[in-house]
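Good morning, and thank you for making time for this presentation.

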Protein chains: 4
Amino acid sequence: MSLTEEQRAEIEAQRAESAATRRATVPALEDMLYRAIPVLDHGFVRVVDYMGDDGAVVQAARVSYGRGTRRVSEDAGLIRYLMRHRHTTPFEMCEIKYHVKLPIFVARQWIRHRTANVNEYSARYSILDREFYLPAPEHLAAQSEVNRQGRGAVLEGDEAAQVFELLRSDASRCYDHYVDMLNEGADGAPADPGRQGLARELARMNLTLNTYTQWYWKCDLHNLLHFLSLRADVHAQYEIRAYAEAMLATVQAWVPATFAAFRDYRLGAVNFSAAMLAVLRRMLAGEDVAQEGSGLSQREWGEMMGVLGR
Amino acid sequence: MSLTEEQRAEIEAQRAESAATRRATVPALEDMLYRAIPVLDHGFVRVVDYMGDDGAVVQAARVSYGRGTRRVSEDAGLIRYLMRHRHTTPFEMCEIKYHVKLPIFVARQWIRHRTANVNEYSARYSILDREFYLPAPEHLAAQSEVNRQGRGAVLEGDEAAQVFELLRSDASRCYDHYVDMLNEGADGAPADPGRQGLARELARMNLTLNTYTQWYWKCDLHNLLHFLSLRADVHAQYEIRAYAEAMLATVQAWVPATFAAFRDYRLGAVNFSAAMLAVLRRMLAGEDVAQEGSGLSQREWGEMMGVLGR
Amino acid sequence: MSLTEEQRAEIEAQRAESAATRRATVPALEDMLYRAIPVLDHGFVRVVDYMGDDGAVVQAARVSYGRGTRRVSEDAGLIRYLMRHRHTTPFEMCEIKYHVKLPIFVARQWIRHRTANVNEYSARYSILDREFYLPAPEHLAAQSEVNRQGRGAVLEGDEAAQVFELLRSDASRCYDHYVDMLNEGADGAPADPGRQGLARELARMNLTLNTYTQWYWKCDLHNLLHFLSLRADVHAQYEIRAYAEAMLATVQAWVPATFAAFRDYRLGAVNFSAAMLAVLRRMLAGEDVAQEGSGLSQREWGEMMGVLGR
Amino acid sequence: MSLTEEQRAEIEAQRAESAATRRATVPALEDMLYRAIPVLDHGFVRVVDYMGDDGAVVQAARVSYGRGTRRVSEDAGLIRYLMRHRHTTPFEMCEIKYHVKLPIFVARQWIRHRTANVNEYSARYSILDREFYLPAPEHLAAQSEVNRQGRGAVLEGDEAAQVFELLRSDASRCYDHYVDMLNEGADGAPADPGRQGLARELARMNLTLNTYTQWYWKCDLHNLLHFLSLRADVHAQYEIRAYAEAMLATVQAWVPATFAAFRDYRLGAVNFSAAMLAVLRRMLAGEDVAQEGSGLSQREWGEMMGVLGR
């Protein structure tokens with residue numbers, strides 16, 4: 001993670017300010033506020049604002065005049081009930097805002113979640129930093145042999161070194177040429193007075209997809225949990241999963257009761273189809289069920305047995 | 001507005017609590033927080049939470065590490081620029097949550113704004129209060145003769161009295177029968193032990209559309225301004241406009257620079273079509289333009305001259 | 001269902017028209033097109049347009065240049081895969097539009113699904129028909145004793161008759177007064193020349209919530225399936241479930257492969273939490289698991305055993 | 001535009017198929033259906049499906065049982081009225097689906113419009129084509145001196161040649177290394193058996209932002225018009241504007257009455273703020289108004305006088 005001295009100072013200045021508020025406030029999240037949590041080699045996630053807490057979920061579910069809370073245990077029970085029965089709207093009553101620095105190819109996956117508010121750093125207007133993602137050796141992997149959209153064994157030896165060097169040198173060269181084409185000097189004057197310089201909105205097209213961008217991203221708790229259930233999943237690409245995992249920690253600090261219910265009913269849960277349920281009932285009745293005749297494809301059978309630990 | 005003693009106590013209890021926060025905080029809105037602003041005869045709007053301030057708009061537009069603000073005048077200038085050029089995403093970075101009590105027919109118009117989060121009091125689960133909207137004499141009006149979806153002259157004399165009495169007695173009778181069909185005693189036991197009582201989800205269908213309901217409604221600032229530009233407009237039905245106007249006051253307290261820009265570029269602004277613009281240029285060139293030959297329909301001509309104060 | 005002769009004629013006239021198209025076309029749905037499927041006592045659902053078919057899901061998933069289809073069995077397999085792994089975007093590539101006549105209290109539940117396009121008949125602009133929903137005897141039920149938002153035993157004898165009569169007479173009287181307050185004659189002139197008549201936007205508030213309204217409702221296939229999974233569910237109120245069930249039949253005619261996958265992976269599927277999964281593994285290992293010590297609440301335990309048929 | 005022979009054949013095969021339908025059908029759009037309209041050097045837009053026509057807007061606005069149309073002139077008048085008064089929901093009742101080939105940096109602007117359905121070609125799953133956008137000489141321009149996010153004078157002579165060569169060679173080299181790192185032979189076996197090959201989801205990060213991607217993109221007419229009003233605007237970056245302009249032609253063929261209203265009330269229209277309106281009134285009253293004392297900033301004054309052709 002590469003913050004400049006000025007950026008660190010801005011963050012610390014903001015952390016030093018405090019005000020009195022009548023709003024729901026979560027000390028554990030206040031502790032984290034504004035601080036950048038490092039992700040990948042140059043990225044970060046930092047919480048820059050939030051609205052509501054576990055009590056706000058309960059308050060909305062009850063449409064109450066006050067805090068809505070009764071006892072902590074009752075509230076947790078209600079939250080579990082809402083999560084189990086997919087009563088999703090009370091979870092929309094909490095909101096969180098992140099500032100994220102992330103590679104462009106990760107941003108392209110992330111932005112597919114449409115129910116969020118986004119302000120991205122504009123490369124039409126400004127110049128991007130000289131930062132690009134280069135995978136650590138343990139993340140430089142071959143195509144998976146079983147999953148057409150996943151990765152398999154880690155690359156080794158010369159191949160790993162060559163790949164790393166290609167990624168590094170191509171990103172560097174493209175960035176250097178980007179700066180060169182822009183031809184902007186430190187003071188706004190042309191670096192080379194003999195050239196006009198290419199417009200920023202054009203020059204940026206020379207950058208590689210591992211270049212870092214950044215954005216402000218704001219989302220309600222329900223849609224955030226949906227995002228996390230997909231992106232913290234083992235099928236998600238490692239690079240976006242790294243962000244999702246950093247964000248899970250912020251959710252746990254923010255709304256612990258909701259997080260516990262989410263872990264049980266979403267992250268650790270499994271969906272059984274009608275056909276799988278029929279198989280399960282036969283198995284529980286003591287029958288020795290085989291894939292053939294189960295109504296499940298070989299692939300589904302494998303997935304089901306995996307889940308059941310068989 | 002009819003709050004019970006218990007509700008008032010809950011509100012005051014919540015107002016009495018205070019916590020320290022590092023988040024953007026707006027004292028003028030904190031002053032209003034939780035307090036019910038009366039609307040119509042039994043309704044209210046009250047702010048129950050908020051996220052961000054004018055500075056948050058600037059911060060997101062600049063994707064900055066700190067508060068994003070420079071000087072107040074610069075910030076206001078940027079906010080005006082964003083509003084003028086319809087750069088809407090930075091305004092999505094602020095969020096506000098209201099608790100609203102409103103007649104069902106108003107709720108049906110309101111809910112058409114889809115980009116908001118809503119938790120409504122459930123009449124499948126609970127029993128609605130005995131409250132219905134009855135227009136004040138000055139709002140009991142005839143159908144407009146020029147606008148097929150508006151109202152015209154105020155009703156007078158006997159007709160006004162009769163209409164009021166019909167609205168009052170039908171709402172009352174329907175509510176009384178609702179309670180009667182429910183057959184629920186104060187202690188949960190049947191009021192009349194000889195009857196089962198009708199399910200709440202069915203009994204509610206006997207209520208009239210002026211019965212009050214309530215909800216938690218949460219929205220980002222951009223979509224809130226869009227809502228207000230439509231619902232605080234003179235073409236909106238008076239009853240929803242009354243809510244919009246109460247909400248305008250909360251927006252002004254919350255984000256004064258954004259509100260000023262909104263008033264200038266939205267509320268008080270006018271859209272001229274290509275054909276109107278052509279007429280305008282001819283008029284400014286000193287030409288005496290008539291509707292005939294203007295390319296505008298009589299209706300459009302009238303609207304345009306009205307706007308120009310001619 | 002009450003269509004006027006004129007409406008029936010309009011529908012038949014539209015059914016009689018035919019045009020040649022290069023678009024994906026589904027004969028089974030063309031057969032249904034425009035015809036009203038009766039729901040409840042006066043309501044209906046009718047398909048008025050559609051875009052795409054099962055092949056369009058496949059085409060989008062493959063981002064192909066032609067139809068995208070290979071063999072029917074391969075396509076069905078891909079559709080099952082997409083449904084199982086919640087790859088939802090290809091299902092958004094199909095769209096359907098319904099014209100629905102429905103009681104207002106059902107419309108209020110329905111409209112909570114925000115990802116749809118809606119045009120409702122405007123009671124500010126027009127006069128509603130004299131039609132209101134009155135439950136058939138078998139749907140006139142008491143409050144459930146186990147579910148705070150459901151219904152239980154059917155009402156019997158005098159109570160049933162009295163409730164029915166209250167619903168009928170209140171709705172009738174309110175409608176009659178609505179018409180009376182409007183004071184509109186058949187020719188646009190006042191019915192009673194001595195009165196101005198109340199504006200439509202005000203008079204409508206006197207109607208009861210079982211009055212029928214109507215709308216055009218358009219939705220993509222993914223969001224339609226989400227709507228149907230919630231509203232065709234046994235926990236949904238009967239009255240909206242009746243609409244969902246009529247719509248299921250149209251989906252089955254339209255996209256049979258998607259419908260089959262939906263039935264297996266959504267309608268008939270079950271979600272096991274992490275804690276339930278742990279119980280399941282112990283049961284399959286032959287252990288005699290009891291609720292106590294299972295990590296499940298009594299309620300969850302009951303739900304789980306119900307699903308497993310134990 | 002570079003379609004393979006196979007792709008052309010698939011498109012022609014689909015164009016050759018025809019079916020009878022009862023749905024609203026637009027011959028002018030049927031003529032265009034599936035055909036790729038070239039955009040930029042290798043991109044295209046092609047309409048792959050549509051739902052509704054001008055009549056569907058009218059039908060929904062009237063919530064009618066049949067086609068909803070009366071006379072063509074009446075329908076056009078209603079459509080103009082809806083457009084003028086921002087009654088947007090009837091325009092949501094039409095839907096169109098495009099298949100688009102576009103550079104990644106254009107896709108990143110485009111995807112910010114959230115109210116659309118998208119399936120993008122997956123570079124986790126498949127290998128991207130060797131195609132990248134290289135601006136034609138007349139589009140290779142310097143940074144604008146007046147607009148921080150626009151372009152100004154066209155580059156000339158050596159600088160133009162050098163910039164073009166940098167863009168070309170960097171994109172080529174990055175693509176070649178992408179293929180090299182993938183190490184995939186034509187038959188699925190490794191190109192170089194001594195290497196494992198890098199996973200597709202990783203290798204893609206080496207590509208430059210002018211590499212072409214493709215997607216299916218589906219949108220309702222209202223949101224499409226909003227997209228076009230922003231992206232066919234002179235402030236939009238040329239490269240996305242080129243797509244918007246190609247799409248405008250498809251909208252004109254599809255819904256001519258809506259398109260005419262859109263051109264008048266949106267594309268050619270102008271928004272005057274409250275302060276501008278005050279200035280206008282003074283000017284029309286014959287007053288000689290100057291910027292100073294007008295209440296407008298110099299920038300706003302300039303924009304206003306530009307619009308008025310002064």
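**The sheet, the core and the interfaces**

In chain D, five strands form an open sheet of 5 strands in the order 2-3-4-8-5, with antiparallel pairing. Please keep in mind throughout that this is a predicted model. Strand 2 (37-39) and strand 5 (117-120) of chain D are the edge strands, each pairing on one side only. From one strand to the next, the twist averages 25°.

Strand 5 of chain D pairs with strand 8 (residues 212-220) of chain D in the antiparallel sense, over 4 bridges. Within this pairing, N117(D) stands opposite K218(D) in strand 8 of chain D.

Helix 9 (residues 238-254) of chain D lies across strand 2, strand 3 (43-51) and strand 4 of chain D, and runs at about 35° to strand 3 of chain D.

I now move to chain A. Its secondary structure comes to 12 helices and 9 strands. The C-alpha atoms of chain A fill a box of roughly 85 × 60 × 30 Å along the principal axes. Chain A has 310 residues, of which 46% count as buried. Among the contacts in chain A with a separation of 6 or more, 66% are accounted for by residues 24 or more positions apart.

Chain A also has an open sheet of 5 strands, ordered 2-3-4-8-5 with antiparallel pairing. Here strand 3 (residues 43-51) and strand 4 (residues 95-103) of chain A run antiparallel and are joined by 7 bridges. One pair to look for is Y50(A), whose bridge partner in strand 4 of chain A is I96(A). Helix 9 (residues 238-254) of chain A lies across strand 2, strand 3 and strand 4 of chain A, at about 35° to strand 3 of chain A.

Next, the interior. In soluble globular proteins, nonpolar side chains tend to be buried together. The largest nonpolar core in this model has 341 residues, and those with the most contacts inside it are Y243(A), Y243(B), Y243(C) and Y243(D). What does Y243(D) touch, leaving aside its neighbours within four places in sequence? Y243(D) is in contact with V39(D), V45(D), V100(D), L102(D) and V106(D).

Another buried region is found in helix 10 (residues 256-267) of chain C, where A257(C), T258(C), F259(C), A261(C), F262(C), D264(C) and Y265(C) are buried. The cover over these buried residues includes helix 11 (274-284) of chain A, together with helix 3 (54-62), helix 4 (72-84), helix 8 (221-231) and helix 9 (238-254) of chain C.

That brings me to the interfaces. The contact between chain A and chain D takes 45 residues from chain A and 44 residues from chain D. On the side of chain A that touches chain D, the elements that give two or more residues are helix 5 (104-110), strand 6 (141-143), strand 7 (151-154), helix 6 (157-182) and helix 7 (200-203) of chain A. Helix 6 of chain A gives the most, with 9 residues. By class, this side of chain A divides into 22 nonpolar, 11 polar and 12 charged residues.

I close with chain C and chain B. Their contact takes 45 residues from chain C and 44 residues from chain B. Helix 6 of chain C provides the largest share of the side of chain C that touches chain B, 9 residues. A rotation of 180° with 0.0 Å of shift along its axis superposes chain C on chain B, with an RMSD of 0.0 Å. Of the residues of chain C, T208(C) comes closest to that rotation axis, at 2.1 Å (C-alpha).

Technical notes: Residues numbered from 1 in each chain as written. Chains lettered and ligands numbered in written order. Predicted model: local features only at pLDDT ≥ 70, side-chain atom pairs only at ≥ 80, totals over all residues. Contact = placed C-beta atoms within 7 Å. Nonpolar A, V, L, I, M, F, W, Y, C, P; charged D, E, K, R; others polar. Buried ≥ 20, exposed ≤ 12 C-beta atoms within 10 Å, placed from the backbone. Pairing = 2+ DSSP bridges. Axes fitted to C-alpha atoms, helices over the stretch in contact; angles between N-to-C directions. Core = buried A, V, L, I, M, F, W, Y, C linked by C-beta atoms within 7 Å. Least-squares fit on C-alpha atoms with pLDDT ≥ 70 in both.
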